[in-house]
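Let's take a friendly walk through this model together. Please keep the sequence and the 3D view at hand while you read.

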Protein chains: 2
Amino acid sequence: MTEGAPRNTRQRTAVSALLAEVEGFHSAQDLHAMLRQRGERVGLTTVYRTLQGLADAGEIDVMRPPGGEHLYRRCSEGHHHHLVCRRCGRTVEVAGPAVERWAGRVAAEHGYVEVSHTLEIFGTCPACAG
Amino acid sequence: MTEGAPRNTRQRTAVSALLAEVEGFHSAQDLHAMLRQRGERVGLTTVYRTLQGLADAGEIDVMRPPGGEHLYRRCSEGHHHHLVCRRCGRTVEVAGPAVERWAGRVAAEHGYVEVSHTLEIFGTCPACAG
DNA sequence: GCGTTTTTGACAATCATTGTCAATCGCGCG
DNA sequence: CGCGCGATTGACAATGATTGTCAAAAACGC
């Protein structure tokens with residue numbers, strides 16, 4: 001009774017499929033617009049809800065860049081962070097076991113438990129800096 | 001022409017003074033309410049602008065917790081990160097030279113320049129976990 | 001003091017996100 | 001195979017933090 005598997009609906013499938021194709025981060029509104037262009041009829045509200053669900057399930061990553069809108073992206077599995085180009089948005093996934101350990105250790109030193117963290121690296125990519 | 005030092009106004013002073021006294025992170029609206037209670041007459045708009053100015057000047061730190069509002073805090077100088085209690089908001093400043101170096105190195109490996117980063121650690125503090 | 005320029009602040013505007021709730025659809029059961 | 005219940009959808013309103021506006025007030029140099 002703890003779990004309810006979400007139903008398999010046309011809309012959910014459409015959002016998932018779209019995320020599998022596009023690259024980089026996109027806002028909910030962005031994705032909604034793409035779906036409409038494809039002829040898929042999906043409400044904006046549903047896109048938001050579906051994305052939240054996928055994010056909760058850990059199937060996609062959410063980023064909150066300065067500017068206020070949430071960006072979603074289908075990422076590889078496992079815990080990792082992002083190196084994002086400020087200019088063009090090009091994203092590289094980076095893993096940093098050392099950082100994970102460091103964060104855990106620092107938190108433990110202060111007696112904090114149930115630790116999680118957020119980490120984003122911003123920079124200008126070679127192409128944009130050129 | 002390049003620089004305009006901000007003028008010294010009653011309102012700016014009030015906001016600065018308040019930030020010097022309170023501990024932990026507070027939202028703009030929060031700070032605005034406190035100022036009113038003290039009898040200081042400051043507009044909400046001004047509080048926002050002043051905080052932005054202070055943040056740009058690097059005199060205060062901004063955090064964007066999940067939940068949407070910006071939180072401001074007067075912090076010690078220099079680059080550091082925060083370990084925040086999810087429950088009560090208790091905050092510890094932590095410095096992690098190793099992490100800084102790691103972030104820079106990772107970015108450099110991918111050719112990214114002008115690197116910056118954000119890092120927040122969330123957990124439950126000893127008091128709340130008790 | 002005096003004038004110029006910045007700052008202020010009440011209010012409207014913006015805009016992403018969330019809430020609402022009746023209509024619809026998926027899915028398992030009979 | 002068709003029914004019915006409950007989850008899901010989606011159009012629309014509501015929310016709420018932040019930003020824009022612009023006339024009035026204050027600050028600073030002289």
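This is a predicted model: local features need pLDDT of at least 70, side-chain atom pairs count only at pLDDT 80 or more; totals for chains, interfaces and linings use all residues.

Six strands form an open sheet, in the order β5(A)-β4(A)-β6(A)-β6(B)-β4(B)-β5(B), and their pairing is mixed. At the edges sit β5 (91-94) of chain A and β5 (91-94) of chain B, each of which pairs on one side only. From one strand to the next, the twist averages 20 degrees. In general, the strands of a sheet pair through backbone hydrogen bonds, in a parallel or an antiparallel manner. For a parallel example, look at chain B: β4 (residues 81-85) and β6 (residues 113-124) pair in that sense over four bridges. B:Cys85 has B:Gly123 in β6(B) as its bridge partner.

**Around DNA strand D**

DNA strand D is surrounded by 20 residues, and the closest are A:Thr9, A:Arg49, B:Tyr48, B:Gln52 and B:His70. Of the atoms of DNA strand D that come within 4 Å of the protein, sugar and phosphate account for 57%. Which element gives the most to this surface? It is α3(B), with four residues. By class, the surface near DNA strand D has three nonpolar, ten polar and seven charged residues.

**Around DNA strand C**

DNA strand C also has 20 residues around it, of which A:Tyr48, A:Gln52, A:His70, B:Gln11 and B:Arg49 come nearest. Sugar or phosphate makes up 60% of the atoms of DNA strand C within 4 Å of the protein, and bases make up the rest. At least two residues of this surface come from each of α3 of chain A, α1 (10-21) of chain B and α3 of chain B. The largest share, four residues, is that of α3(A). The classes near DNA strand C are three nonpolar, ten polar and seven charged residues.

| Residue | Protein atom | DNA atom | Distance |
|---|---|---|---|
| A:Gly43 | backbone N or O | phosphate oxygen, DNA strand D | 3.1 Å |
| B:Asn8 | polar backbone atom | phosphate oxygen, DNA strand D | 3.2 Å |
| B:Gln52 | side-chain N or O | phosphate oxygen, DNA strand D | 2.5 Å |
| A:Gln29 | side-chain N or O | sugar or linking oxygen, DNA strand C | 3.2 Å |
| A:His70 | polar backbone atom | phosphate oxygen, DNA strand C | 2.7 Å |
| B:Thr9 | side-chain N or O | phosphate oxygen, DNA strand C | 2.9 Å |

Technical notes
Residues are numbered from 1 along each chain as its sequence is written. Chains are lettered from A and ligands numbered from 1 in the order in which they are written. Side-chain values use heavy atoms; hydrogens and water are left out. Two strands pair if DSSP finds at least two bridges between them. Axes are lines fitted to C-alpha atoms, for helices over the stretch in contact, and angles run from 0 to 180 degrees between N-to-C directions. A residue is near a molecule or strand if one of its heavy atoms lies within 4 Å of it. A polar contact is a pair of N or O atoms within 3.5 Å; within protein, one must be able to donate a hydrogen and the other to accept it, and residues adjacent in sequence count only if both atoms are side-chain atoms. Ala, Val, Leu, Ile, Met, Phe, Trp, Tyr, Cys and Pro count as nonpolar, Asp, Glu, Lys and Arg as charged, and the others, Gly among them, as polar.
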